[in-house]
Amino acid sequence: MAKDKSIFTCTECGGTSARWMGKCPSCNAWNTLIEGSSEPAAGKNRFGSVHASLAPTSEVLPLAQIEAADFERHPTGIDELDRVLGGGMVEGGVVLIGGDPGIGKSTLLLQAVDALQRSGMPTLYVTGEESGAQVAMRSRRLGLPDSQVPVLPEIQLEKILHTLQSRQPGIAIIDSIQTVYSDQLTSAPGSVAQVRECAAHLTRTAKSTGTTIVLVGHVTKEGALAGPRVLEHMVDTVLYFEGDTHSNFRLIRAIKNRFGAVNEIGVFAMTEKGLKGVSNPSAIFLSQHAEPVPGSCVMVTLEGTRPLLVEIQALVDSGGPSPRRLSVGLDRDRLAMLLAVLHRHAGVACMDQDVFVNAVGGVRISEPAADLAVMLAITSSLRGKALPKGFIAFGEVGLAGEVRPAPRGQDRLKEAAKLGFKVAVVPKANAPKKNDKAFEGLTIYPVDRIEEAMQVVRGLD
Ligand code: TYD
Ligand code: MG
C-alpha cells in the first residue's frame, strides 16, 4: 500500500502523481505508474541499482570517426534458428522470443544453449517458470542427460543480475521475463511496469557486459500479465513462434532484427526428442486431399528467402441477417475488402453468406499476394466446384479489380513446378517471358484482372 507522502512516477513519460492511478494523467498510458520519485538518488539510478548506463563515455564524434565494429556472432548450430537470427546470436544482443504457452520456446532454447555450452561458450539458463528438476527432465527427454548448462532457478531481478555480473556468461536465457520481478517496484510480478523495468535492466546488463540475453515471453490475452509486445521496442531482435500446437510444425519468424533480415522464417517439427529443423519446408502446409475439394486453393507465399506452398481454405455457407466473415491466419479487414471486389468486379455476391477462410497449418500470411488464392477459394466454395488438381494461384488484387504482381513471382512458379503442380493463374507481370525448363509441366495463365481469373477458372471446369 502507498505510504504517506509517497509519489508515483510513470515509467513511460516520467510524469508524477500524488496517488496511484491505473492510467498516467500525463501520457494516458495504462499501468505505468510505480511508487517512487523520479529523482535519482546520488550515485544511483531511481531504482537504487548501480549498473553501467548504455553509453559510459558520451563523446560527440562525426560518424566517419566512429569505428564500425562488426558484430561478433555465435551460431547455435541449429540451422533454422541461426537463419532467423541472421547468422547466430550476437554478442551483447538482446533477443525476445514470444509465443503461446506450450509451443516449444523452452525446448528450443535449451537445445540451443546446450549446443553453445558444448562448443565451449559459458552459458546460463535462468528458470522462473519451472524448477531445476523440471528443466533437467526436459534435457533428459531431449537426449542430453550429460548437459553441462548451469541452471539458476530464480525470479528476483537483483539476484539474477548479480549472478550475471559474477559469472559473465556468453549467453543467458531468461525463461520467462514475465516471472522476473524487482523488489524495488511495488507493482505485481508480471505487470507491465515490472516486465518493462526488468527487461530494461537486463538489456543494460547485456550491453555493458557483452552477454547475449534471450528473453522468453508468453503471448497473453489482454489481462493482468504483460505480453511480449510491450518489450519489442527495447530489444534488438524479436522472434515469434507460429503454428498450431496440434500440428507438429512450428514456424519462427523474425519480426524485428537489428542484426539481420526481418520476415525470415525458421521451420521446425516437434518430435519426441525436441525440435528438429525442416530444411525443405515448401510442401508441409498442404493438406493431403486424395482428390481436389471445393473451397481449397493453394498459393505460393514467399517467407523470407524461401517459397512456401500453403493451402487456403474457404467455406461459404448461407448466413443469418448479419453474416459472419471470419479468417484464421489471414487479415480479416482484407477479407472484407476482397469480398467487395469480388462482388463489384466479378459479380460474385456473398452478401447473405457466412464466409470463413483459413490458412492451413496455423501459418499466418500477411502478404497481399494471397488475395487471388483467397478469392478463388471463396468462389470455388460458393459454386461447390473444386479447382483442378495441381492448381495454384497468387497475386495481389486491388480495389479496381486489377491483379498486381507479387515479388519474385518466378521463384514462386519454379517452386510450384518443382513440386509437380500443373496449372497456375498468376499476374501478367509474373508470367515468364521465355520458355524455361524450370517451369516444365506447369501451364501458366497470366491474368490482368479478377474477372479474367474467374473466366480462366470456369474454362478449366
Ligand atoms: P515447451 O518448450 O515447454 O513450451 P513453452 O516453453 O513454449 O511453453 O514445450 C512444450 C510442448 O512440447 C509440450 O507439450 C511437450 C512437447 N515436447 C515434445 O513433443 N517433445 C520434446 O522433446 C519436448 C521437450 C517437448
Ligand atoms: Mg516454457
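Two strands count as paired if DSSP finds at least two bridges between them. Helices (H or I, at least four residues) and strands (E, at least two) are DSSP runs, numbered from the N terminus. With that in hand, here is a pair to find: strand 12 (residues 249–257) and strand 13 (residues 265–271) pair in the antiparallel sense over five bridges.

This is a predicted model, in which local features need pLDDT of at least 70 and side-chain atom pairs count only at pLDDT 80 or more, while totals for chains, interfaces and linings use all residues. Residues are numbered from 1 along each chain as its sequence is written, chains are lettered from A and ligands numbered from 1 in the order in which they are written, and side-chain values use heavy atoms, leaving out hydrogens and water.

**The whole protein**

- The protein has nine helices and 23 strands.
- Along the principal axes, its C-alpha atoms fill a box of roughly 80 × 50 × 50 Å.
- Of the 461 residues, 49% are buried; buried means under 20% relative accessible area, exposed over 50%, and partly exposed in between (1.4 Å probe, protein chains only).
- Contact means heavy atoms within 4.5 Å. Among contacts between residues at least 6 apart in sequence, 66% join residues at least 24 apart.
- The accessible surface comes to about 21,700 Å², and 53% of that belongs to carbon and sulfur atoms. Such areas come from the Shrake-Rupley method with a 1.4 Å probe, and for residues only the protein chains shown count as cover.

- Strands of a sheet pair through backbone hydrogen bonds, either parallel or antiparallel.
- In what order do the nine strands of the open sheet run? The order is 8-7-9-10-6-11-12-13-14, with mixed pairing.
- Strand 8 (151–153) and strand 14 (274–277) are the edge strands, each pairing on one side only.
- From one strand to the next, the twist averages 25°.
- Helix 5 (residues 192–209) lies across strand 6 (94–99), strand 9 (171–175) and strand 10 (212–218), and runs at about 160° to strand 10. Axes here are lines fitted to C-alpha atoms, for helices over the stretch in contact, and angles run from 0 to 180 degrees between N-to-C directions.

- Which residues of helix 8 (residues 409–418) are buried? They are Gly409, Arg412, Leu413, Glu415, Ala416 and Ala417.
- The cover over these buried residues includes strand 15 (296–303), strand 16 (306–318), strand 19 (391–393), strand 22 (423–427) and strand 23 (443–447).
- After helix 8 comes glycine 420, with a positive phi near 85°.
- Proline 405 sits in the loop between strand 21 (403–404) and helix 8, and counts as partly exposed because its relative accessibility is 45%.
- Leaving aside residues up to four places away in sequence, proline 405 touches Pro427, Ala429 and Asn430.

**Salt bridges**

- Side chains of opposite charge can pair when their charged atoms come close.
- A salt bridge is a side-chain nitrogen of Lys or Arg within 4 Å of a carboxyl oxygen of Asp or Glu. The whole structure holds 23 of these salt bridges.
- Aspartate 371 forms one with arginine 334, with the closest N and O atoms 2.7 Å apart. This pair links distant parts of the chain, since aspartate 371 is in helix 7 (residues 371–383) and arginine 334 in helix 6 (residues 332–346), 37 residues apart.
- Is aspartate 371 buried or exposed? Aspartate 371 is buried, because its relative accessible area is 2%, whereas arginine 334 is partly exposed at 23%.
- Arginine 383 forms a salt bridge with aspartate 461, the closest N and O atoms being 2.4 Å apart. Arginine 383 lies in helix 7 and aspartate 461 in the segment after helix 9 (450–459), so the pair ties together parts 78 residues apart in sequence.
- Salt bridges that share partners join Arg334, Asp371, Glu396, Glu402 and Arg404 into one network.
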